[in-house]
Amino acid sequence: MSAAYEDRLRAFVGREIHPLRPGQDPVNVPMIRHWVEAMEDDNPIHLDEEAARATGRDGVVAPASMAQAWVMRGYAATTAAEGGGGPADELTDLLAEGGYTSVVATDSEFEFHRELVPGDHVAVREVVESISPEKATALGTGRFITSLRTYHDQDGEVVAVQRWRLLRFRPKAKPQEPEERSEADAAERPEERASRPQPAINRDNAFWFEAAREHRLLIQRCAACRTLRHPPGPCCPECGSFEWDTVRASGDAHVYSFVVNHHPRHPAFDYPLIVAVVELAEGTRLITNLVGVSPEEVEIDMPVVLDWVDADPELSLPVFRPVAQEGH
Amino acid sequence: MNVASPLSGAAAIAGIGATEFSKDSGRSELQLACEAVLAAVADAGLQPSDVDGLVTFTADTNSEIHVARNTGIGELTFFSRVGYGGGAACGTLQQAAMAVATGAAEVVVCYRAFNERSGERYGLGQAERPMDTSADRAAYAWMTPYGLSTPAQWVAMFARRYMHEYGATSEDFGRVAVVDRRHAAVNPAAWFYGRPITLEEHQASRWIAEPLHLLDCCQETDGGQALVVVSAERARDLAHPPAVIRAAAQGSGADQHMMTSYYRPSISGIPEMGLVGRQLYRQSGLGPDDIDAAILYDHFTPLVLPQLEELGFCGTGEAKDFIADGHLERGGRLPFNTHGGQLGEAYLHGMNGVAEAVRLVRGTSVNQPDDVRNVIVTAGTGVPTSGLVLGADG
């Protein structure tokens, strides 16, 4: 990707791509009725005035999750050509130019400031918050576009804020033989595969997982006494220093111990599943998976080398395979 | 007796009480806790109003105040919790003994109650537990994304390395299960009452996490267990012969993790248990040769072997021979888990084992060996842990 293209993308960050635009209709009971029936939401505060007043409200309120529904443009607008040439279309065109022609919504986080009642008229504006570098994801290579949508009422007061995230990506060709599923290609097809258990990320371990997303295996190193340590932590047990940096592991290791898991099964994995503790050439140990080897072939002390699994768009993990199969 | 610690002999376990051990109790965890506490208080010949201290696990859902309010225990002058899962078991008794020895409380009940089988099952692992950014939670980031998320799997990693270093086999682990189940088979309170197993059945049971078979893994249980601690002096006036707390200790090793201390120079021992053992012997003035029976934590068979080594009953790497020679049997050198252990009786996070040690001292175990004076008890392995030596009075 050229630097010029990156610059053109970056120019969208912070830009308003949808100016404040009111919904087609005010908040109204018939639409609320459709919604709660479809959602099987039997909370009486949405349709029963008396029940709503019994909760201390002035009357019925719309379901909070309808916020987005009040500003949708309707079926006709979604099937018509985008046209208009506004900044949102410009961004879509620019991403298509980069080959990112497919789209999937990945996140929607809402903050609700007040409940909407019939008669309210909601408007929304949208600002691009960030555009990620190109990421290798399970769906294909793409970029995450994060925007902030602010919902206002007829008086201009903010009623809700939504952080909205899309993945714009280049679709992958479908694999041919669904029967032959290795762990690697199963991970490339998340529609058939549950996510791996997600790591809890905090200030002490985030650097490691961020580097892993870029396929770099790091080892934390004390900046004062240079001792390597894993799992990482804020303080050096050897000298007490809180200063640290990292070194990149060579990727050479040997099996220190291993387990072959059969039960219980987690839907993210194929079983039997090999989990190993490997000792890196640098001397620290790491829990990992062994790939490209069958359980009966694994032996303690067996030399292995680093490989990577892109488990999902946000999680890449170091795994190890036998040295003999390097480059296969 | 050369007693080196003011804790040794100061307190005694005067009462024990439990619910039935089941797979579906059909009642709340709080009810199980209350039933166990009341049973233990009654066993001691005391009233709930006599109780002024309560100790349980941080893992327990039944707060001291709820237990006290429901059972008619009034004011509490001492309440405390011990962390690290099953590692807390003997630690709760240590808390109680210290409270009694210092006068912080006079009658302390230690309890643990859960619906661990019908409710939240630990055996299902940590893969899908709620996320937060605490150091404890973040520690799982190094294992669950790889599918290493259950206690059986964590133990299997130690077991494989132990086998590699000492030539132990799956059959060596299986012999532990066979002894447990043999003892459980004659214990009417045991889940596996009347159901002993053979080594062949152990070997034929399905894999859970190689090298662990199903029969290397303890059961999951609904139930409650409580124990009453008072001063040794007061215990002499109560209903049963006192089980004197000769020693009580906790231990957390260097570079300690929860169930996954895989980063130490060697992972074939249990240094935190060695630390507990050294304290137990120093406090009590006893040595391994003075111990007449052992209740060793057996959530998974492989970690019984290094416990025998860390506690000095045999040399490093020799536990497999010690077991194969029959020393853990009722008539052996070190009768072991005479209630059937957690594999055979119930998984009560080790607290049912403390109760069995009390019965051994009282002489009322269903598998009572001859001449038991001192019993060693251990708590959870692979975690910061604890231990006890209980002895007969006098």
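Student: Let's start with A:Gln154. Is A:Gln154 buried or exposed?

Tutor: The general idea is to count neighbours: a residue is buried if 20 or more other C-beta atoms lie within 10 Å of its own, exposed if 12 or fewer, and partly exposed in between, with C-beta atoms placed from the backbone. A:Gln154 has 12 other C-beta atoms within 10 Å, so it is exposed. Before we go on, note that this is a predicted model, where local features need pLDDT of at least 70, side-chain atom pairs count only at pLDDT 80 or more, and totals for chains, interfaces and linings use all residues. Residues are numbered from 1 along each chain as its sequence is written, while chains are lettered from A and ligands numbered from 1 in the order in which they are written.

Student: Where does A:Gln154 lie, and which residues does A:Gln154 touch?

Tutor: Elements first: helices (H or I, at least four residues) and strands (E, at least two) are DSSP runs, numbered from the N terminus. A:Gln154 sits in the loop between β5 (141-152) and β6 (158-169) of chain A. For touching, two residues are in contact if their C-beta atoms, placed from the backbone, lie within 7 Å. Leaving aside residues up to four places away in sequence, A:Gln154 touches A:Asp120 and A:His121. A:Asp120 is 34 residues from A:Gln154 in sequence, yet their C-alpha atoms are 6.6 Å apart.

Student: How do I read a strand pair, say β13 and β14 of chain A?

Tutor: Strands of a sheet pair through backbone hydrogen bonds, either parallel or antiparallel. The cut-off here is that DSSP finds at least two bridges between the two strands. β13 (residues 303-312) of chain A and β14(A) run antiparallel, joined by eight bridges. They form a hairpin with two residues between them, and A:Asp312 has A:Leu315 in β14(A) as its bridge partner. Six of the eight residues of β14(A) are buried, so this strand is largely enclosed by the rest of the structure.

Student: How many residues of chain A are in contact with chain B?

Tutor: 33 residues of chain A are in contact with 33 residues of chain B. On the chain A side, the elements that give two or more residues are β10 (252-261), β11 (273-280), β12 (285-289) and β14 (315-322). β10(A) has the largest share, with six residues.

Student: Now chain B. What does its radius of gyration tell me?

Tutor: First the inventory: chain B has 13 helices and eleven strands. Its radius of gyration is 19 Å, close to the 21 Å that the globule rule gives for 394 residues, so chain B is as compact as a globular protein of that length. That radius is taken over C-alpha atoms, and the rule is 2.2 Å times the number of residues to the power 0.38. Buried residues make up 63% of the chain.

Student: Which order do the strands of the open sheet in chain B take?

Tutor: The nine strands go β3-β2-β4-β7-β1-β8-β11-β10-β9, with mixed pairing. β3 (78-82) and β9 (293-295) of chain B are at the edges with a single partner strand each, so one side of each has no neighbour in the sheet. From one strand to the next, the twist averages 25°; angles run from 0 to 180 degrees between N-to-C directions, and axes are lines fitted to C-alpha atoms, for helices over the stretch in contact. Inside the sheet, β10(B) and β11(B) pair in the antiparallel sense over five bridges.

Student: And how should I read helix α9 of chain B?

Tutor: Check its length against the expected span, 1.5 Å times one less than its number of residues. α9(B) (residues 271-284) has 14 residues and reaches 20 Å from first C-alpha to last, close to the 20 Å expected. Ten of the 14 residues are buried, so α9(B) is largely enclosed by the rest of the structure; among them are B:Met273, B:Leu280 and B:Tyr281.

Student: Which elements do those buried residues of α9(B) pack against?

Tutor: They pack against β8 (243-251), α10 (304-310), β10 (374-378) and β11 (385-392) of chain B. The helix lies across β8, β10 and β11 of chain B, at about 145° to β8(B). Just after α9(B), B:Gly285 takes a positive phi of about 70°.
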